[in-house]
Structure formats: structure tokens, C-alpha cells
Amino acid sequence: MGTSGSYGGSGNANWKHAHEAFDALPASASSGSGSQAPPDLPDGQEQLLDSVLSALSTALQKDDADRGRPPANPYALPELLASPRGGGKGGGGGAGGTRDLVGRAGAGSRRQVIKGASRGAAALAGAYALRNGDAARLRELGLDLAELRSLRPLAQVSRILQTVLGDAGHPDEAALRKAATRYVKAVLVDPDPPAQQDGLRGLVTEWIYELSLVELGSQKAQGDLTAQEAISKQRWVRSWLERRLKNIDVPDTRRMTVQEFTATAAKVTGEALRMLRARRS
């Protein structure tokens with residue numbers, strides 16, 4: 001399940017409760033095929049999914065270095081980028097120098113839920129800046145418009161992600177890269193890219209989901225779930241998470257600087273965790 005690899009999970013009481021809530025979900029429904037969302041659950045099952053999301057958001061909030069609240073002073077961009085700023089042409093990730101450890105470095109480090117959302121938003125801001133031909137905002141990220149325009153779309157995606165996020169040395173970092181990839185690619189590759197507010201909302205939702213899978217996939221669920229049953233449960237959770245957060249308020253981001261965009265992502269993520277915790281029945 002998910003991208004946990006050999007990660008053993010946090011194993012604390014909050015995640016134990018999240019595992020128990022996930023295990024309580026029915027696993028008999030077919031997971032379907034493709035990207036189509038699963039059908040509505042039978043009466044009464046919505047409460048089980050609300051319990052799962054509440055338990056997941058509580059565990060993430062308790063784990064987070066910022067306790068699930070955006071900092072009073074927004075993160076400065078150098079705190080979010082995996083490579084030095086101002087690299088300009090050829091200054092993408094991996095080009096010399098020592099990387100700042102801006103993500104989760106190991107099992108003993110604190111989880112970065114709010115900061116991770118800001119880091120993913122920095123990559124997403126780069127994608128929108130490239131699509132809009134905004135050289136100034138790209139320079140904020142150490143990226144060069146002319147160089148990026150010389151690349152094919154998938155290479156553009158890779159360059160932005162590597163420059164902003166760097167390598168994924170921890171399962172949390174892999175989850176962030178997966179969430180960011182989906183929306184950076186949607187902006188640069190899809191013929192009908194999401195509006196900036198929708199892209200940011202989607203990124204926050206995807207980040208919470210992928211980060212939850214790191215823990216849900218770190219231990220074998222109680223009972224003997226088949227792979228198909230595990231996928232079915234994950235699809236229920238993802239679908240319900242998207243429904244719960246589809247109307248979360250996101251301000252107009254079109255005139256924001258990159259730093260303002262990343263600060264907005266932190267606020268939206270904090271509000272998302274609060275909303276998910278608040279409704280527990």
C-alpha cells in the first residue's frame with residue numbers, strides 16, 4: 001500500500017487509532033478500474049469514512065513540526081527549496097553544491113505536514129509561472145524561463161520538481177514528490193490545466209492522502225486483506241477526502257508572489273486538517 005517501502009511506521013497511539021479506523025472500513029466492494037471514483041457508499045458507511053479522515057488528520061496534526069498550524073511568519077523561500085536560489089540557467093537540482101535538508105531527513109525527525117504543503121506549492125507555482133511565461137517568478141525559484149522553454153513538457157516537469165523538491169530520501173518526501181508531480185504535470189502537460197485555486201486545492205488534498213498512505217502502508221492492516229481489498233479501501237478514503245475538501249476556501253492566487261502562494265498553501269492545509277478533525281461521528 002502506498003510508497004512506504006521499508007518504513008516501519010510511527011507506531012504511536014494516534015496512528016494505531018487511524019489503522020483501526022481504516023481496518024473497520026468494508027473491503028468487499030469492487031475497487032473498479034481506471035481513475036473513476038467509487039460509487040456512493042451504502043447508508044451508514046459515511047460515518048466510518050469520517051472516522052478514518054478524522055483519525056488521519058489528528059495523527060498528522062500531532063506529528064507535524066508546526067502542530068498543524070501555519071507559522072505566524074511564512075516560510076522564506078530558501079527554507080523551502082532543495083537547491084540554492086539564483087542558479088539561473090543550468091541551476092536546476094543536482095548541479096553542484098550541498099543541498100539544504102529542507103524535508104524530513106530520517107525516522108527521528110519531525111514530520112513536515114504544513115511545510116511540505118508549502119514546498120509542494122512552490123513547485124506548483126513554478127509550473128504556473130512557466131505556463132504563463134512569468135520569468136520573474138521562475139527566478140524566485142532559481143529557474144530560467146528560456147532554458148525551461150527549450151525542454152519538452154515532461155522534462156520541464158522533472159526540472160521544476162528536482163530544483164524545488166530535490167531527491168526523495170524518506171517516504172514522506174516520496175509522498176510529497178508524488179503529490180506535486182500530479183499537479184505540476186497537470187499544469188504543464190494536460191490540454192485543460194486546472195485554474196490556480198483548483199490546482200492548489202488539489203495539491204493539498206493529494207498531499208494529505210499520499211502522506212496518510214505512508215503510515216497506512218507501513219503496517220499490514222489487521223485481518224487478511226487481499227491486495228484488491230486494500231486498493232478498494234484506499235479508493236474509498238481518497239474519494240471521501242476529495243469530497244470533504246472540494247469546497248475548502250482558497251483565495252484568488254493569480255497575482256500572488258511565489259512566497260505568498262506557498263504561505264496560502266500552508267493556511268489551506270492547516271484549515272483542511274482542522275475541518276477533517278472537526279467532523280467525527
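**View A. Helix 9 (196–216) against helix 11 (residues 258–278).** These two pack with their axes 10 Å apart, at an angle of about 55°. That makes helix 9 oblique to helix 11, the label for whatever is not under 35 degrees (roughly parallel), over 145 (roughly antiparallel) or 65 to 115 (roughly perpendicular). Axes here are lines fitted to C-alpha atoms over the stretch in contact, and angles run from 0 to 180 degrees between N-to-C directions. Helices are DSSP runs (H or I, at least four residues), numbered from the N terminus. On the helix 9 side, look for Q196, L200, V204 and I208; helix 11 brings F261, T264, A265, V268, T269, A272 and L273. Contact means heavy atoms within 4.5 Å. By class, that's eight nonpolar, three polar and no charged residues. Ala, Val, Leu, Ile, Met, Phe, Trp, Tyr, Cys and Pro count as nonpolar, Asp, Glu, Lys and Arg as charged, and the others, Gly among them, as polar.

A word on the model: it is predicted, with local features needing pLDDT of at least 70 and side-chain atom pairs pLDDT 80 or more, while totals for chains, interfaces and linings use all residues. Residues are numbered from 1 along each chain as its sequence is written, and side-chain values use heavy atoms, leaving out hydrogens and water.

**View B. Helix 9 against helix 10 (227–245).** Here the angle is about 145°, and the axes sit 10 Å apart. Helix 9 passes helix 10 in a right-handed crossing. R201, T205, E206, I208, Y209, E210 and L213 of helix 9 meet Q234, R238, L241, E242 and L245 of helix 10.

**View C. Helix 2 (residues 45–63) against helix 11.** This pair packs at about 135°, with axes 7 Å apart. That makes helix 2 oblique to helix 11, and their crossing is left-handed. L53, S54, S57, T58, L60 and Q61 in helix 2 touch L273, L276 and R277 in helix 11. The tally is four nonpolar, four polar and one charged.

**View D. The second largest cavity.** Searching the whole structure turns up two cavities of 30 Å³ or more; this one holds about 40 Å³ of space. Its lining is L53, L56, S57, I208, Y209, S212, V237, L241 and L276. Helix 2, helix 9 and helix 10 each supply at least two of the lining residues. Seven of the lining residues are nonpolar, two polar and none charged. A cavity is a set of points on a 1 Å grid over the protein atoms alone where a 1.4 Å probe fits but cannot get out; lining residues have an atom within 4 Å of a point.

Note on methods: A crossing is left-handed if the near helix is turned anticlockwise from the far one by less than a right angle, and right-handed if clockwise. On a 1 Å grid over the protein atoms alone, a cavity is a set of points where a 1.4 Å probe fits but cannot get out, and a pocket is an open set with protein on both sides within 12 Å along at least five of seven lines; lining residues have an atom within 4 Å of a point. Grid points are joined across faces, edges and corners, and a volume is the space filled by probe spheres set on the points.
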